[in-house]
Amino acid sequence: MRAYLSDRMGAALLMAPLLLFLVLAYAWPFLGVVKWSFTLPTPGLGQYNALLTDDLVQSVFIRTLRIAAIVTVVSVAAAYAITVVWVRGTPAQRLVAEFCILVPFWISVLTRAFGWVALLSNRGLINTWLQAIGFISEPLALVRNEFGVIVGMTHFLIPFAVFPLASAMRSLDDRVLLAARGLGSSRMRTFWSVFVPMTRSGIIGSAMIVFVFSLGFFVTPAILGGGRSVMIAELIYLRIFQSPDWGLGAAISVVLVLFVGALMAILFRYVRPKQLI
Amino acid sequence: MRQPGRAAEIKAIGIGKSFGSFRALDNLSLDIGRGEFLTLLGPSGSGKTTFLMILAGFVQPTEGRLFSDGVDITERPAEQRAAGMVFQGYALFPHMSVEANIAFPLKVRKKSAADIKRRVGEMIERVGLNGHEKKLPAQLSGGQQQRVALARALVFEPGVLLLDEPFSALDKGLRGQMQAEMKRLHQETGTTFVFVTHDQSEALALSSRVAIFNHGELLQVGAPDEVYDRPANRFVAEFLGEINMLPLKEIRSADNGATGLCEDRTVSLRGSANGVGSNAILAIRPEYMSIACEAAAGENGIAATATNSTYLGAATRLDLTTRQGAKVTVSVPNEVAASALSKGNSVWLTWPAEKGFLLPDGGR
């Protein structure tokens, strides 16, 4: 009993700095934001009322949800393919996959966004090449729009989608796959009717992580969207720093946090946290 | 459902398998008859499971050929061999209901919906899973999961059913029940069964023939009573059950068998003494030996002292030491054990001539 108590004490002490940091740097300031949303410019529910009626705010919300949904589907699908190779490939294939997964973590989000601008802009590599081989005569609009934002965000988020999938694929019992083949199922059929359904928790976890991350993206949409494809985080930034409309910015922040919180609550009902790593 | 015509006949010729420098299976040749119940028996690492995986098509042999009904299937992939297989731990599809698990092999064969429904229904009936159709495997007991695995492996009427230690996770009572059930399924379907186990009593109880493996080698194949009563070597003799071994000297052929000198007594046995030399081991199963006050002239018997007894309920296990120090174990009625122990010293161990057999001295 004493050992148990002291273990618990030890764990609490180890966690204390993190908790203290979260409270001081996150929870406390956020309470301030909540307060602004009810008090600026005048006390009351006026800002939340504006959220429901303001066309601009609503179109940004809808765009954010749409982009996040598309990014989620594309990222999880791409990550699934990479993870299959990473977990079940030959040693050489695994090495290549691991390289592709880990290298992006070492490159700043800013660098990557500008990298995509260099590739996708009107005079970027892709348009220049396509024009040079005569495939197109006018440059394609690949950036400063939703397409550019989706490409940049997907590229950033794929590595994050990999880990929950890898965890699910690693815990899968190989004998079940053998059993499917032994019962006459082709490799394709085994993949779709057995392998994919058995990694369902990984797919859910991966999709939730990517979706939640996407909702709060700031740098990538700001650069690749070129101000034309504003997402919710950029809108908050604009309300706070450019038009002095702190109350509305705060209200949007509160709604975003509540929405993300609700999604996480749903996620943890279906997936245990340790399956996400 | 019974269709012995569809049961497969398998022929393995010179099968060998190496994993790097490890020799898992060496030059194995074996004929598996149509509709027979063959058990592959051996300790872990003996190659029995490797051979089963080769039969299933999950493992490619390094050398040798495999034939099914005369057709070379050595290179045929597992999904085209259509062998039913029951894995250790069952390997059910956890995301599918009982019904869907059993229907799976029929679905991949593109059977009609009506056909699938009928055959799955029949199979569920046959293995006694009525009322559990919609449950997921995780909601079933071990024995029920076992039944699903059997039903799933048999529903498409495979030519051969391969079973990899299917009962290892079950407790003893359930194990006996499932063994009986499997024997019934074998008789009803008429399919060829190949069953892997390390449990010798399970092997003897179920099989029409037993193949005993050790260190990647097939040591002996035969009917249960054949391998039990006439093991080819010491490993087989010891693996199949308890056995008493007494050194035998001056062995020579006699009218209907052989005779030899066991300690200071001349004993006789049936069976040939050819190929064992003049010294060998005389082996007798404990249940064929009995305790007597004296041994008549011409009767097989040696003197021994009872040292210890273990009460087993139905019988007593008695440990004895012969005059020259050989340890012998016999299973005797409880009251015989009591009187043997009370005498403190000499009793006689006797056995019928036909129950003793020779093993090469020092051999495995």
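Over residues 10-240 of chain B, the chain is 38% helix and 26% strand, with end C-alpha atoms 25 Å apart; helices (H or I, at least four residues) and strands (E, at least two) are DSSP runs, numbered from the N terminus. An unreviewed UniProt entry annotates this stretch, residues 10-240 of chain B, as "domain: ABC transporter"; such annotations may be inferred rather than shown by experiment, and positions follow the numbering used here, with feature names shortened. The model is predicted, so local features need pLDDT of at least 70 and side-chain atom pairs pLDDT 80 or more, while totals for chains, interfaces and linings use all residues. Residues are numbered from 1 along each chain as its sequence is written, chains are lettered from A and ligands numbered from 1 in the order in which they are written, and side-chain values use heavy atoms, without hydrogens and water.

Turning to the interface, 17 residues of chain A are in contact (heavy atoms within 4.5 Å) with 22 residues of chain B. Together the two chains bury about 1,700 Å², 68% of it on carbon and sulfur atoms; buried area is the accessible area (1.4 Å probe) that two parts lose on being put together, summed over both. In chain A, Arg175(A), Arg181(A) and Leu183(A) lose the most area to chain B, together 37% of what that side buries.

One salt bridge is counted between the chains, the term meaning a side-chain nitrogen of Lys or Arg within 4 Å of a carboxyl oxygen of Asp or Glu. Arg181(A) and Glu79(B) form a salt bridge through their side chains (2.9 Å, N to O). On the side of chain A that touches chain B, α8 (174-182) and α9 (187-198) each supply at least two residues, and α8(A) gives the most, with seven.
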